[in-house]
Amino acid sequence: MITKQNKTVVYVLGALALCILPLLLQQAGNFWVRIADTALLYILLAIGLNIVVGYAGLLDLGFVAFFAIGAYLYALMASPHLSENFPWFAQMFPNGLHTSIWLIIPLAAGVAGFFGILLGAPTLKLRGDYLAIVTLGFGEIIRVFLNNLDHPVNLTNGPKGLSQIDSITLAKWDAFGIPGLNLGRPLDITETYTINSVTLYYYLFLALVVVSVVISHRLEVSRIGRAWMAIREDEIAAKAMGINTRNMKLLAFGMGATFGGVSGTMFAAFQGFVSPESFSLMESVMIVAMVVLGGIGHLPGVILGAVLLSALPEVLRWVSGVLDLQQLTGGRLDASILRQLLIALAMIIVMLMRPRGLWPTAEHGKVLRPNGAK
């Protein structure tokens with residue numbers, strides 16, 4: 001039996017393991033730490049989509065649009081692009097607009113949340129497949145806009161993308177002459193031991209994931225979360241019980257979108273480059289698959305699904321490179337195609353054997369039974 005004290009011990013050991021993990025991985029190479037960083041970013045996205053799909057039961061296939069909004073907002077506010085393309089802007093900021101990350105994070109969350117509400121407003125009466133089609137169209141519209149806003153006014157640089165994006169600097173105080181910690185550069189602890197840049201980003205992403213998990217859990221057990229779940233199970237009954245389904249749906253779209261916006265800012269800072277190719281329909285499908293594969297509406301299951309579907313492709317990429325499958329098969333078997341095939345087969349097998357996900361919640365779809373029924 002798991003007691004409260006045992007839970008505390010498990011949490012402490014888990015926290016220590018997560019803190020030590022990147023230090024061990026970087027000994028094998030930055031490739032493995034980058035996989036962990038990417039997994040944390042997808043966890044943020046999956047947690048946000050779980051609010052919309054898992055809690056409120058609204059199928060959203062355009063969630064990657066909010067990811068793109070956050071990424072491009074950071075890219076524009078932390079790069080010289082605006083100063084290079086707009087003379088009036090260059091007069092005010094000759095070296096570009098290099099905004100602090102602590103200002104961009106709430107701004108990206110607010111802008112993404114606004115677009116989430118904007119998406120939810122015309123879809124309040126849509127359900128199921130119709131809602132999925134509309135949200136899918138919204139995601140594609142955002143991607144097409146980003147791909148074509150290089151003329152007549154060059155705002156996004158079109159398919160070429162935005163580069164020279166600032167890395168994140170923490171605890172920087174120019175007024176006191178404190179340079180801060182630049183996560184884009186390695187941190188020398190001693191003469192012989194260095195913490196790599198990707199490891200520094202790992203700790204920042206991990207902190208954001210922990211905050212997001214706490215917020216999502218508190219929402220789940222709150223009155224708002226119970227209202228979302230009532231709408232998910234039976235919207236007509238929820239409305240009859242006095243729940244304002246309109247406002248609750250808009251709140252779900254807005255809250256979920258904020259997580260996507262924050263994750264987008266981290267992605268842009270981590271990569272140092274963004275382009276429309278990173279926000280395709282396949283990305284939205286993969287995020288939905290993470291939520292469904294892990295367990296819709298169950299926070300630990302969603303995290304598990306995000307880790308598996310984000311890390312497994314890269315691990316298989318490494319395996320195919322080590323085995324050199326193309327050479328073994330005389331060029332008849334392409335490693336990238338095999339990797340996609342194995343992932344698809346794994347997802348099919350899991351969905352056939354565990355249709356509610358790898359780690360489903362016990363309350364989702366729970367049916368009340370009459371007294372005495374078994």
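Is Glu235 buried or exposed, and at what relative accessibility? At 13% relative accessibility, Glu235 counts as buried, where buried means under 20% relative accessible area, exposed over 50% and partly exposed in between, with a 1.4 Å probe and protein chains only. The structure discussed here is a predicted model, in which local features need pLDDT of at least 70 and side-chain atom pairs count only at pLDDT 80 or more, while totals for chains, interfaces and linings use all residues. Residues are numbered from 1 along each chain as its sequence is written, and side-chain values use heavy atoms, with hydrogens and water left out.

A search of the whole structure finds four salt bridges, a salt bridge being a side-chain nitrogen of Lys or Arg within 4 Å of a carboxyl oxygen of Asp or Glu. In one of them Arg127 pairs with Glu235, with the closest N and O atoms 3.2 Å apart. Arg127 lies in the loop between α6 (101–120) and α7 and Glu235 in helix α10, so the pair ties together parts that are 108 residues apart in sequence. Helices (H or I, at least four residues) and strands (E, at least two) are DSSP runs, numbered from the N terminus. Glu235 also meets Lys249 in a salt bridge, at 2.9 Å from N to O. This pair links distant parts of the chain, with Glu235 in helix α10 and Lys249 in helix α11, 14 residues apart. Lys249 is buried, as is Glu235. Together, Arg127, Glu235 and Lys249 are linked in a network of salt bridges.

Another salt bridge joins Arg232 to Glu233, with 3.0 Å between the closest N and O atoms. Here Arg232 is buried, with a relative accessible area of 17%, whereas Glu233, at 40% relative accessibility, counts as partly exposed. Helix α9 (residues 223–233) has Arg232 among its buried residues, along with Gly225, Ala227, Trp228, Met229 and Ile231. The cover over the buried residues of α9 includes α2 (30–55), α8 (197–221), α10 (235–240) and α11 (245–271), contact meaning heavy atoms within 4.5 Å.

The nonpolar interior comes next. A nonpolar core is a set of buried Ala, Val, Leu, Ile, Met, Phe, Trp, Tyr and Cys residues joined through side-chain atoms within 4.5 Å. The largest such core has 95 residues, and Tyr74, Ile168, Met266 and Val274 have the most contacts inside it. Helix α2 contributes the largest share of this core, 15 residues. Not counting residues up to four places away in sequence, Ile168 touches residues including Tyr74, Ile101, Leu181, Tyr201, Leu204, Met266 and Ala269.

Grid points are joined across faces, edges and corners, and a volume is the space filled by probe spheres set on the points. The largest pocket holds about 1100 Å³ of space. It is lined by 28 residues, of which Leu18, Leu206, Val209, Val213 and Ile303 are the closest to its centre. Two or more lining residues come from each of α1 (4–28), α2, α8 and α13 (299–323), and α1 gives the most, with eight residues. By class, the pocket lining has 25 nonpolar, three polar and no charged residues; Ala, Val, Leu, Ile, Met, Phe, Trp, Tyr, Cys and Pro count as nonpolar, Asp, Glu, Lys and Arg as charged, and the others, Gly among them, as polar.

One cavity of 30 Å³ or more is found in the whole structure. The largest cavity has a volume of about 30 Å³, and its lining divides into five nonpolar, four polar and one charged residue. Helix α7 supplies the largest share of this lining, three residues.

The loop between α7 and β3 (169–170) contains Pro152, and the peptide bond from His151 to Pro152 is cis, with omega near -5°. Asn157 is found in the loop between α7 and β3 and has a positive phi of about 65° although it is not a glycine. Gln164 lies in this loop between α7 and β3 too, with a positive phi near 55°. At 53% relative accessibility, Gln164 counts as exposed.

Definitions and conventions
1 Å grid on protein atoms, 1.4 Å probe; cavity = no way out; pocket = protein on both sides within 12 Å on 5 of 7 lines; lining within 4 Å.
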